[in-house]
Amino acid sequence: MNKFLTLYLFAFISIVSFAQNKGILSGVIKTKSKALEDKKVISISSLRKTYYSDIQGNYKTDSIPFGKYEVIYYTLGFEQKKVTVTINKSNTKVNATLKELAYNLEGVDVSGNKKNGVGATKRMRPIEGVLISQGKKNEVIDIEQTGGNKAVNQGRQIYAQIPGLNIWESDGAGIQLGIGGRGLNPSRTSNYNTRQNGYDISADALGYPETYYIPPTEAVKKIQLIRGAAALQFGTQFGGLLNFVLKTGNEEKKLEATLRQTNGSFGLSNTFLELGGSTKKWNYYAYAQYKKGNDFRPNSEFDVNAIGINAQYKFSEKTSANIEFTKMSYLAHQPGGLTDLQFNTNPDTSYRTRNWFQVDWNLAAFQFDHEFNSSARINSRFFGLIANRKALGVLEQINRIDPLQERDYILGEFMNFGNETRFLKTYTVKDNIWAFVTGFRYYKGYNHSMQGLADSTDQPNFEYLNPNYVEGSDYEFPSQNISAFIEHIFALTNHFSITPGVRFESINTNANGWYRNTVTDLAGNVVFDEKVTETQSNNRSFVIGGLGLNYKQSDTLEVYANASQNYRSINFTDMQIQNPNFKIDPNLEDEKGYNFDLGVRGLVGNKINYDISLFLLSYDNRIGTAIQTDPVLFNVYQYRTNISKSVTKGVEGMIAIDWWKLLINDTSKLSVRTFVNTAFTDAKYVSSLEPAFNNKKVELVPEFTFKTGLRVGYGNFSTQFQYSYTSEHFSDATNTLQQANAVNGLIPAYSIVDWSVKYKWKMLQLETGINNLTNSIYFTRRATAYPGPGIIPSAPRNYFLTLQLRV
């Protein structure tokens with residue numbers, strides 16, 4: 001018995017002694033220049049072990065045998081730091097501060113002081129997740145720092161510091177977003193590759209890239225914009241990438257709830273509720289929005305519902321999965337357009353009482369992320385869309401009275417799904433970090449479009465009178481896309497890099513269906529009626545390439561340049577819509593061209609930020625609109641065809657200065673900031689075989705845009721004024737000055753002043769402001785169809801008041 005007891009005690013003492021010869025290593029990793037919300041890597045090569053900190057930099061290893069080790073601390077964009085550590089006790093604490101690389105893979109915070117910055121715009125990291133933006137013109141909008149009425153997605157304030165944009169204002173509720181830049185049509189942002197959390201949200205990325213849905217601004221954390229060179233990584237759109245990054249749950253709380261109530265002019269009421277939080281393995285975020293109002297014209301009431309949920313599960317520090325679902329539905333009464341005379345006489349009236357628009361948008365996505373090690377990661381996204389949009393009303397020219405007969409009903413149904421997988425690898429060559437990203441995309445789309453007659457009432461009755469044989473057309477538009485790309489950063493020195501890239505595309509678009517060919521005499525009697533059945537298919541494969549250059553002397557001075565080929569396929573979906581104001585060439589061809597940027601940007605501490613660039617967009621076989629006259633009825637209409645080659649060139653610039661920090665005290669809570677954002681754009685048709693187009697100005701391109709703002713902030717209080725100016729521009733390629741039906745003509749210059757104020761006190765936040773402070777009477781678009789046709793007036797002076805409670 002004594003022997004057994006002695007052996008037991010010896011074994012116990014041995015185990016305890018062995019355990020006492022181990023300890024853990026812990027501490028905090030910081031960055032010298034700025035806070036970096038990203039995980040840091042702790043590597044002990046002799047033990048073949050790698051650990052990760054949390055996003056605040058806190059780390060803790062498991063038990064390590066006593067001894068001396070070389071520990072490497074590292075994260076993207078910062079120099080590796082090697083520290084010799086002796087572990088001889090139970091808990092050894094070592095803190096490390098990383099120095100930013102001169103070559104800077106981290107990026108620049110344009111807003112400087114985040115609490116009181118006029119500049120709500122940042123720039124992307126050259127490597128961000130599985131995305132490379134090195135050498136590309138890009139901006140990131142921090143929504144928390146923007147002013148204005150977020151309940152109505154006020155575009156001219158949200159995108160205030162993005163130069164060169166032409167922003168349409170189609171409704172007072174901000175239901176749809178219309179932005180264009182560098183000579184591109186703003187219609188439903190169709191010239192951008194529009195995404196949410198990295199996946200497609202447009203109706204059909206190939207056949208109908210129009211965006212009927214955008215997430216509520218109150219649910220958005222930031223908006224990423226990469227100009228035309230984004231085509232190499234994200235697909236062929238001349239405008240580039242526009243990506244809405246939604247919020248996630250608070251990492252520090254298990255549950256956080258925010259309630260926002262906004263009321264404003266014209267019966268606006270917006271209720272927004274969000275819930276989010278984190279546990280050890282889970283992070284979740286959910287929101288719900290209900291918005292209603294009447295807008296400022298008769299026949300313009302709207303009702304919007306939106307929900308979203310995002311849940312992430314962390315299998316380990318290296319592996320996570322994320323699932324998302326988003327739904328938005330709305331019904332909008334549309335007051336129609338106005339003629340020039342009607343607008344100049346009484347812009348707040350309506351001559352259409354029977355036009356309605358309804359949308360139901362459902363998005364789902366699943367995302368998988370894995371880090372193989374500190375220098376390699378993969379991301380795979382599966383996504384899908386089931387949606388429809390319904391347009392009901394009178395499409396007759398607005399200079400004719402409503403005949404009070406059966407209404408046109410256009411139904412679009414959209415179903416698509418796809419996968420996009422990306423792999424990013426970084427490695428070191430002569431102490432410089434090189435990196436490449438490669439990826440694959442598969443996309444399958446299906447659209448169904450019908451046009452026919454509905455009842456003659458003024459109610460939103462979305463039903464065909466003859467559903468089995470509609471009076472207009474019935475088409476299916478299946479599409480398929482397979483693509484692959486690679487882009488590589490070669491850091492030749494710690495200041496200079498080149499980033500070439502190449503993308504392969506295989507695109508298949510189809511149109512299968514029929515349309516009614518009906519001919520009437522001048523009295524409106526049908527003299528000929530036939531059903532025309534057709535099948536169209538278009539298969540094409542091609543390769544596009546691009547090259548980016550980047551020289552960064554320091555944060556104060558960075559020079560970038562890029563050139564990228566681009567491509568845009570024709571939209572089959574619109575080709576058989578019958579509209580007396582608008583006709584489409586049945587022989588449309590795809591568009592090709594390239595983008596070029598040359599710019600200089602920098603940040604002087606938290607005092608001055610600037611970005612000035614030259615750009616060129618060459619657009620071959622450009623699709624545009626021209627004026628033609630019906631030879632039988634003598635109606636004037638817009639004809640959409642391959643107009644000509646167009647060349648758009650110009651200069652864009654933005655500078656923001658915090659005068660208080662520059663001249664008085666750079667550590668003060670007080671901030672007095674101004675920004676100036678301007679663009680000069682020259683866009684013309686060249687080398688056209690049609691004299692009517694040659695050397696004419698490209699439609700929807702203002703030659704000069706200018707925005708400036710003043711923001712004063714102290715602590716939790718800030719107030720902001722903003723002035724916006726857009727020069728006159730044309731709505732068609734023949735540069736028509738005015739037309740009786742108001743579909744074509746000049747869009748006069750306009751300027752707007754906006755004011756907003758925000759104050760936060762403990763759990764409460766108050767926001768208020770006045771948009772269009774000087775009560776300017778103006779319009780931003782002439783519509784060929786819904787919500788017109790004709791001039792769409794913008795809102796007069798209006799106010800908003802938001803109360804927020806966060807617990």
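Predicted model: local features only at pLDDT ≥ 70, side-chain atom pairs only at ≥ 80, totals over all residues.

User: OK, so is Lys-762 buried or exposed?

Analyst: Lys-762 has a relative accessible area of 66%, so Lys-762 is exposed.

User: And where is Lys-762 found?

Analyst: Lys-762 is in the loop that runs between strand 42 (750-761) and strand 43 (764-771).

User: Switching topic. What do the side chains do along strand 22?

Analyst: They alternate along residues 282-293. Asn-283, Tyr-285, Tyr-287, Gln-289, Lys-291 and Gly-293 point to one face and are buried.

User: Which strands are joined to strand 22?

Analyst: Strand 21 (residues 268-278) is joined to strand 22 by ten bridges, and the two run antiparallel. Strand 23 (residues 302-314) is also antiparallel to strand 22, with twelve bridges.

User: What joins strand 21 to strand 22 in the chain?

Analyst: A hairpin, through three residues.

User: Which residues stand opposite Ala-286 and Trp-282?

Analyst: Ala-286 in strand 22 has Leu-275 opposite. Trp-282 faces Tyr-313 in strand 23.

User: What about the open sheet: how many strands form it, and in what order?

Analyst: Six strands, in the order 10-13-18-19-16-17, with mixed pairing. Strand 10 (121-122) and strand 17 (199-200) are the edge strands, each pairing on one side only.

User: How do strand 16 and strand 19 run, parallel or antiparallel?

Analyst: Parallel: four bridges join strand 16 (residues 193-196) to strand 19 (residues 241-246). Arg-195 stands opposite Asn-243 in strand 19.

User: Now the inside. Which residues touch the most other members in the largest nonpolar core?

Analyst: That core has 58 residues, and the ones touching the most other members are Tyr-159, Ile-223, Leu-242, Phe-244, Tyr-330 and Trp-361. Strand 25 (residues 355-373) supplies the largest share of this core, five residues. There is also a second, separate core of 17 residues, with Leu-25, Ile-42, Tyr-59 and Ile-64 among them.

User: Aromatics next. How many aromatic pairs does the count come to?

Analyst: The count is 30 aromatic pairs. One of these brings together the rings of Trp-361 and Phe-414.

User: Why is that pair of Trp-361 and Phe-414 called tilted?

Analyst: Stacked needs planes under 30 degrees apart and edge-to-face needs over 60, with the rest tilted. The planes of Trp-361 and Phe-414 are at 50°, so the pair is tilted, and the ring centres are 5.8 Å apart. The pair links distant parts of the chain: Trp-361 is in strand 25 and Phe-414 is in strand 27 (residues 407-429), 53 residues apart.

User: Are those two buried or exposed?

Analyst: Trp-361 counts as buried, because its relative accessibility is 1%. Phe-414 is buried too, with a relative accessible area of 1%.

User: Which residues do ring pairs link into a cluster with them?

Analyst: Tyr-208, Tyr-212 and Phe-357 are in the cluster along with Trp-361 and Phe-414.

User: Last one: where do Lys-531 and Arg-601 sit?

Analyst: Lys-531 lies over the face of Trp-514, 4.7 Å from the ring centre. Arg-601 has its charged end over the ring of Tyr-560, at 4.1 Å from the centre.

Notes
Residues numbered from 1 in each chain as written. Heavy atoms only, no water. Pairing = 2+ DSSP bridges. Buried < 20%, exposed > 50% of the residue type's maximum accessible area, 1.4 Å probe, protein only. Core = buried A, V, L, I, M, F, W, Y, C linked by side-chain atoms within 4.5 Å. Phe/Tyr/Trp six-rings, centres within 6.5 Å; stacked < 30°, edge-to-face > 60°. Lys NZ or Arg CZ within 6 Å of the ring centre and 35° of its normal.
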